[in-house]
Number of protein chains: 2
Amino acid sequence: MDRENIGLLLAVAAARGTSAANHALRAAPGVVAALDARAYSVLEQAILGDGPSQRDLAGQLRLDPSQIVALVDGLQDKGLVERRRDPADRRRYAVAATAAGLEAYAVGRLRIEDSLDDLLADLDPAERTTLHNLLHRIVRPAQVGAGTRE
Amino acid sequence: MDRENIGLLLAVAAARGTSAANHALRAAPGVVAALDARAYSVLEQAILGDGPSQRDLAGQLRLDPSQIVALVDGLQDKGLVERRRDPADRRRYAVAATAAGLEAYAVGRLRIEDSLDDLLADLDPAERTTLHNLLHRIVRPAQVGAGTRE
């Protein structure tokens with residue numbers, strides 16, 4: 001597979017990462033076991049972002065808006081996030097984590113980090129940082145529209 | 001998004017790559033326009049691999065065997081690959097590109113490379129090589145079973 005294109009390498013590496021993350025989350029205690037990697041990523045972005053809208057989330061995670069709505073609904077049903085009206089723009093709802101969501105994120109994060117350690121086992125810390133930075137620079141252009149209000 | 005986990009970065013980068021590849025292939029002439037990134041990857045592996053079995057392909061591409069069967073069926077219907085009985089193991093079929101498959105791969109490859117140039121526009125050649133090598137080392141463990149016969 002030495003000459004395969006980098007798009008395929010990205011796809012296969014991502015599939016391995018998602019599979020490892022799903023496995024790690026399923027083994028976690030409590031409500032975290034009911035999250036898959038996508039739902040966890042939405043929760044993560046709700047916490048790391050500054051009250052993202054659903055449109056922001058769709059741009060950040062490269063998912064269809066309808067997928068985001070379903071994922072936010074699922075997290076809301078579990079009491080992990082809530083939709084809050086944006087005081088600066090009353091047509092816009094921010095997705096914000098609840099206290100239970102912050103706790104679930106903390107639990108999930110440890111599991112995810114363990115699964116990433118396995119995925120990246122052959123890379124030393126400097127190489128992991130390099131990979132992170134290179135991927136970040138590929139992903140960043142997707143966020144040009146992330147400030148768009150819905 | 002500065003603290004997001006590398007699994008998410010991989011997933012978003014891969015989604016961008018797949019989307020760009022699908023777009024590039026749809027704009028290609030002839031039968032190539034009927035391929036998506038997954039079908040193209042199967043064709044690529046049939047050419048770069050040494051007559052992979054369907055099980056090999058499933059391992060290399062991290063897809064379910066049933067997905068591989070459907071993708072190989074689609075490529076075979078288009079006259080791009082054929083299943084050949086392995087003389088060394090008559091229970092095993094190798095997936096091999098036809099002359100038309102080799103031609104489609106050559107056309108698709110140029111399109112895919114252009115789309116990857118766009119995806120990786122912010123990275124210089126040395127950084128692209130680094131990314132390729134790091135991803136390859138993440139993906140490689142998936143191929144431990146690639147020599148397994150089906």
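## A tour of the predicted two-chain model

Start by selecting Leu43(B). Setting aside neighbours within four places in sequence, Leu43(B) is in contact with Leu75(B), Leu80(B), Val81(B), Ala97(B), Gly101(B), Ala104(B) and Tyr105(B). Keep in mind that this is a predicted model.

Leu43(B) is among the residues with the most contacts inside the largest nonpolar core, along with Leu10(A), Val42(A), Leu43(A), Leu10(B) and Val42(B). This core has 86 residues. In soluble globular proteins, nonpolar side chains tend to be buried together.

Chain A has 6 helices and 2 strands, and from the N terminus on they follow the order α-α-α-α-β-β-α-α. Its radius of gyration is 16 Å, close to the 15 Å that the globule rule gives for 150 residues, so chain A is as compact as a globular protein of that length. Along the principal axes, the C-alpha trace of chain A spans about 50 × 35 × 25 Å. Of its 150 residues, 42% count as buried. Among the chain A contacts between residues at least 6 apart in sequence, 55% join residues at least 24 apart.

Select helix 5 of chain A, residues 99-119. Colour its buried residues: Gly101(A), Ala104(A), Tyr105(A), Gly108(A), Arg111(A), Ile112(A), Ser115(A) and Leu119(A). What covers these residues includes helix 1, helix 2, strand 1 (81-86) and strand 2 (89-97) of chain A. The cover also includes helix 1 (6-26) and helix 6 (125-139) of chain B.

Bring chain B back and select the contact between the chains. Chain A gives 43 residues and chain B gives 43 residues. On the side of chain A that touches chain B, the elements giving two or more residues are helix 1 (6-26), helix 2 (37-48), helix 3 (54-61), helix 5 (99-119) and helix 6 (125-139). Helix 1 of chain A makes the largest share of that side, with 14 residues. Coloured by type, the side of chain A that touches chain B shows 25 nonpolar, 10 polar and 8 charged residues.

Last, superpose the chains. A rotation of 180° with 0.0 Å of shift along its axis places chain A on chain B, with an RMSD of 0.0 Å. That is the relation of a two-fold axis. Both copies use the same surface: 100% of the contact residues of chain A recur in chain B.

Technical notes: Residues are numbered from 1 along each chain as its sequence is written. Chains are lettered from A and ligands numbered from 1 in the order in which they are written. This is a predicted model: local features need pLDDT of at least 70, side-chain atom pairs count only at pLDDT 80 or more; totals for chains, interfaces and linings use all residues. A nonpolar core is a set of buried Ala, Val, Leu, Ile, Met, Phe, Trp, Tyr and Cys residues joined through C-beta atoms within 7 Å. A residue is buried if 20 or more other C-beta atoms lie within 10 Å of its own, exposed if 12 or fewer, and partly exposed in between; C-beta atoms are placed from the backbone. Two residues are in contact if their C-beta atoms, placed from the backbone, lie within 7 Å. Helices (H or I, at least four residues) and strands (E, at least two) are DSSP runs, numbered from the N terminus. Ala, Val, Leu, Ile, Met, Phe, Trp, Tyr, Cys and Pro count as nonpolar, Asp, Glu, Lys and Arg as charged, and the others, Gly among them, as polar. Copies are superposed by least squares on the C-alpha atoms of residues with pLDDT of at least 70 in both. The radius of gyration is taken over C-alpha atoms; the globule rule is 2.2 Å times the number of residues to the power 0.38.
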